[in-house]
Amino acid sequence: MEKLIIAGREFDSRLFLGTGKFNSNQQMEEAILASGTEMVTVAMKRIELEDKEDDMLRHIVHPHIQLLPNTSGVRTAEEAVFAAQMAREAFGTNWLKLEIHPDPRYLLPDSTETLKATEELVKLGFVVLPYCQADPTLCKRLEEAGAATVMPLAAPIGTNKGLQTRDFLRIIIEQSNVPVVVDAGIGAPSHAAEAMEMGAAACLVNTAIAVARNPVEMAIAFKEAVIAGRRAYEAGLGIQADNLVASASSPLTSFLNE
Amino acid sequence: MKIQVNNKETELTQGNNVASLALQLKLPEQGVAVALNNRMIPRSQWAEQEIKEGDSLVIIKAACGG
């Protein structure tokens with residue numbers, strides 16, 4: 001399979017993992033390692049002054065993993081730039097999952113602020129991977145602004161509803177000159193496989209793995225689905241007929257005298 | 001002196017810079033970032049960056065998230 005290249009860095013795995021909603025940091029780490037991922041998101045929160053909790057960072061720092069800090073919680077481009085600077089300082093990376101979703105009910109990204117923040121953050125030297133609407137026009141604008149990838153949503157975050165934006169994702173993939181990472185809403189390995197078969201460069205999965213009865217097994221299932229989908233894309237899928245008339249795959253030999 | 005740390009009133013007992021606050025709070029060597037009055041202060045400047053009475057600091061660390 002072709003390697004995925006983002007901002008000059010090569011990735012063998014095309015599955016990105018989020019770190020939210022796991023029952024424990026230990027379980028999260030096991031799922032991360034089982035998935036084979038090389039890109040893992042991390043959020044930020046304010047420290048408690050009498051902080052005694054397990055530091056999640058030590059569970060995700062591995063030599064083969066690129067940390068991808070996110071800007072979850074910000075509502076404007078200005079707040080996103082501040083969060084990005086804090087993330088770069090805290091985690092020692094200029095890679096950033098830009099997410100600006102001011103509405104807590106649907107968590108849909110604010111396109112205007114996302115574009116504005118991308119422009120500013122690229123100028124500040126960040127490798128920007130913006131979470132965005134499945135809007136082909138917006139994705140082109142983000143690409144022109146210097147985004148390293150675009151990360152359009154399949155469905156609202158955490159819904160597990162699969163590729164609700166399928167047709168728009170197809171257009172985005174067709175038009176994009178940067179990797180298209182399908183983010184949010186992927187709820188089953190089959191959804192990830194479908195996105196990869198369509199030509200997505202990668203999938204970002206969190207909830208579907210974290211809330212599974214067995215997150216480690218689900219991480220493996222997603223790993224296999226992403227590989228299968230990508231392999232199929234590279235192998236070239238057969239053309240789908242536009243009617244239901246069969247096309248024989250075996251010779252129609254007559255065995256009985258008629 | 002009294003300062004605000006993550007919106008909580010805190011007494012800075014010794015020193016008057018970000019490094020002394022970091023020492024007092026036992027901040028780890030990595031994985032945290034500090035902002036003073038909404039401006040991020042790189043760790044390399046903690047020792048020189050003075051803190052004044054009433055200043056507001058934000059200190060963040062890693063959290064789980066997608």
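I number residues from 1 along each chain as its sequence is written, with chains lettered from A and ligands numbered from 1 in the order in which they are written. Since the model is predicted, local features need pLDDT of at least 70, side-chain atom pairs count only at pLDDT 80 or more, and totals for chains, interfaces and linings use all residues; side-chain values use heavy atoms, with hydrogens and water left out.

**Entry 1, Ala202(A).** I looked up Ala202(A) and found it in strand β10, residues 202-205 of chain A. Strands here are DSSP runs of E with at least two residues, and helices are runs of H or I with at least four, both numbered from the N terminus. Is Ala202(A) buried or exposed? Its relative accessibility is 0%, so Ala202(A) counts as buried (under 20% relative accessible area; exposed is over 50%, partly exposed in between, with a 1.4 Å probe and protein chains only). Leaving out residues up to four places away in sequence, I listed its contacts as Leu4(A), Arg14(A), Phe16(A), Val180(A), Val181(A), Val182(A) and Met196(A), a contact being heavy atoms within 4.5 Å. From Ala202(A) to Thr93(A) I noted 109 residues in sequence and 20 Å in space, C-alpha to C-alpha.

Next I checked the loop between β1 (4-6) and β2 (9-11), where Ala7(A) lies. Ala7(A) has a positive phi of about 50°, though it is not a glycine. I made a note of that because most residues other than glycine have a negative phi. With a relative accessible area of 52%, Ala7(A) is exposed.

I placed Ala184(A) in the loop between β9 (181-183) and α7 (189-197). Ala184(A) counts as buried, at 8% relative accessibility.
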